[in-house]
Amino acid sequence: MAGGGYPEWIGLDNYTRLLEDDNFWASFRNIIFLIVAMAVVPTLIGLVLAAVLFDYVAKAIGPRTASALRSGFYLPQVLPVAVTGIVWGWILNPSFGALNAILTSAQLDGLAKNWLGDPAYALYSVMVVMIWFQVGYPVVMFMSGLQRVDPELYEAASIDGAGWWRRFTRIAVHQIKPEIYVVLVTTTIAALKIFGQIYVLTRGGPGNATLVPSYFAYQNFFEKAQVGYGSAIATVLALIIVVLSVVFLRIQARDERRDLA
Amino acid sequence: MTSRALRPAVLATLTVLVLLVLSPFALVAVNAVKSPDEYATDGPLSLPDSLYLKGIADFWIRVDFGEKLFNSFVIAFSVAVLAVVVSVLNAYALGIGRVRGRSAFLVFFLLANLLPQEALVYPLYYLSKEVGLYNTQLAIVIIFTAIQSAFGTYLLSSVFATFPREMLEAAAIDGAGKVRTLWRVVVPISWPSLSVLFTFFFIWTWNEFFLPLVFLISNDKQTVPVALGVLQGDRLMDATTTSASALLGILPAILFFLIFQRTLSRGVMSGAIK
């Protein structure tokens, strides 16, 4: 079915159809949630963890402990995305999964849910999986960035009476801005492109509760043989990613110039 | 809080967090070696009474896992080697050779990096069918060599742009041509960067799912992630078989991580990525 029959020029019909398609809007609403889970939350958690590991654990307890903990947080990142889906698909399975079994054995049967099969919980379950998967990346990036921070800046701030939190927000976060930009851009783009975990965990379901653009495009290309419509979805996704990257690069460049000035 | 009370509190919190992150790995490892009967009676949290390896062995045979490992290795290794070679040649022209239209080329490679595979998949699918490469591993090798070397070209060009000019001039004075300079001067000096790129390319290609899923239809051509991924939801996949399959997917990834960790820390330290 290569080509999917005879192509026919239909102008922008596929794009107007997109705008009226609930599934299209659902897939982009879900992406907003996944950007929160893959970019925003891991960046925030990563900042705190990196600062605590670098600034406190490495100094007060020892650099070996700090780097062992860092490796622990990073481990999920080395897995193929499909394998993370398999691990969590089993843990969250309603009939034989580990999570419900744990809840039942702790006498918390009421909390046991059909985590991926119930539209009320499916997206949140996927979000938790993605936070677990992503959090190690910002931790590693930010810890390496923090090595650049001049210790004298810290000492000067301490002498001026700045507490740990103030030093962290005023000095550390400011100094590792390049890393924060890189992490935010790359994780946001990764969220926009997410496919493997969705394919393995939920196939976009139940209904369209976890549908994402890449899976939506894949469905139209290879399951429904609606090549034109699939291409329209893929084109919109590609445009969003390119525009977003250009905007991020601009903001970053402007910020660097301001810092130099 | 005094600093003496703070220390155990911080350490305890971090330890709990790390254990939480690692708990799925532990669950998989424990239940992959548990018999289905024992899982049914004791649940996922108990340690297995005895090491039950039949689940893993059965699954290995059922999916012909050795074949899948071999497929993944051949694809990831070929892509890593070819993509490093292509990146070096491109970056030699762009970063050191300073060909005309250099920045336009770099923008082009940057854009190629940004394009999602979702936008490439159908054209590639159509083209590969037209030229008879659909459902071959060669198609995947060609596609990922192009995708990875777009990134490699972009990165290496900026590394090569800061390459010490004196060394190039010295080589020219000694009568070395462009090919000889590349092979005898540029490649050896930038070896740490190249080994980092090789490592990235290998792991990224190994982990790829979307395009291999579309292009490798026959079971005997599939890679590890694809073979494991398409089995999910299969009615034969019970709790212990699923964790056995997850363990088989996790082990190679952790192995590569341990092997390559040293390359990565050494390579980055010696100024691979500036």
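## Salt bridges

B:D58 and B:K54 lie 4 residues apart in helix α3 (residues 54-63) of chain B, so about one helical turn separates them. Helices here are DSSP runs (H or I, at least four residues), numbered from the N terminus. The two residues form a salt bridge, with the closest N and O atoms 2.9 Å apart. A salt bridge needs a side-chain nitrogen of Lys or Arg within 4 Å of a carboxyl oxygen of Asp or Glu. B:D58 is partly exposed at 37% relative accessible area, and B:K54 is partly exposed at 49%. Buried means under 20%, exposed over 50%, partly exposed in between (1.4 Å probe, protein chains only).

The count over all chains is 2 salt bridges. B:E67 also pairs with B:K68, with closest N and O atoms 2.8 Å apart. B:E67 is partly exposed at 25%, whereas B:K68 is buried at 1%.

## Model basis

This is a predicted model: local features need pLDDT of at least 70, side-chain atom pairs count only at pLDDT 80 or more, and totals for chains, interfaces and linings use all residues. Residues are numbered from 1 along each chain as its sequence is written, chains are lettered from A and ligands numbered from 1 in the order written, and side-chain values use heavy atoms, leaving out hydrogens and water.

## Aromatic contacts

B:W206 and B:F256 form an edge-to-face pair, 4.8 Å centre to centre with 75° between the planes. The pair links distant parts of the chain: B:W206 is in helix α10 (residues 191-207) and B:F256 in helix α13 (residues 239-269) of chain B, 50 residues apart. B:W206 is buried at 4%. B:F256 is buried at 12%.

One aromatic cluster includes A:F195, A:Y199, B:Y122 and B:Y134. B:K129 lies over the face of B:Y134, 4.9 Å from the ring centre. Such a charge is NZ of Lys or CZ of Arg within 6 Å of the ring centre and within 35 degrees of the ring normal. In chain A, the charged end of A:R17 sits over the ring of A:Y229, 3.7 Å from its centre.

## Lining of the largest cavity

Residues lining the largest cavity include B:W206, B:S72 and B:F144. α4 (65-96), α7 (137-161) and α10 of chain B each supply at least two lining residues. The largest share, 3 residues, comes from α4(B).

Key:
Rings of Phe, Tyr and Trp (its six-membered ring) pair if their centres lie within 6.5 Å; planes under 30 degrees apart count as stacked, over 60 as edge-to-face and the rest as tilted. On a 1 Å grid over the protein atoms alone, a cavity is a set of points where a 1.4 Å probe fits but cannot get out, and a pocket is an open set with protein on both sides within 12 Å along at least five of seven lines; lining residues have an atom within 4 Å of a point.
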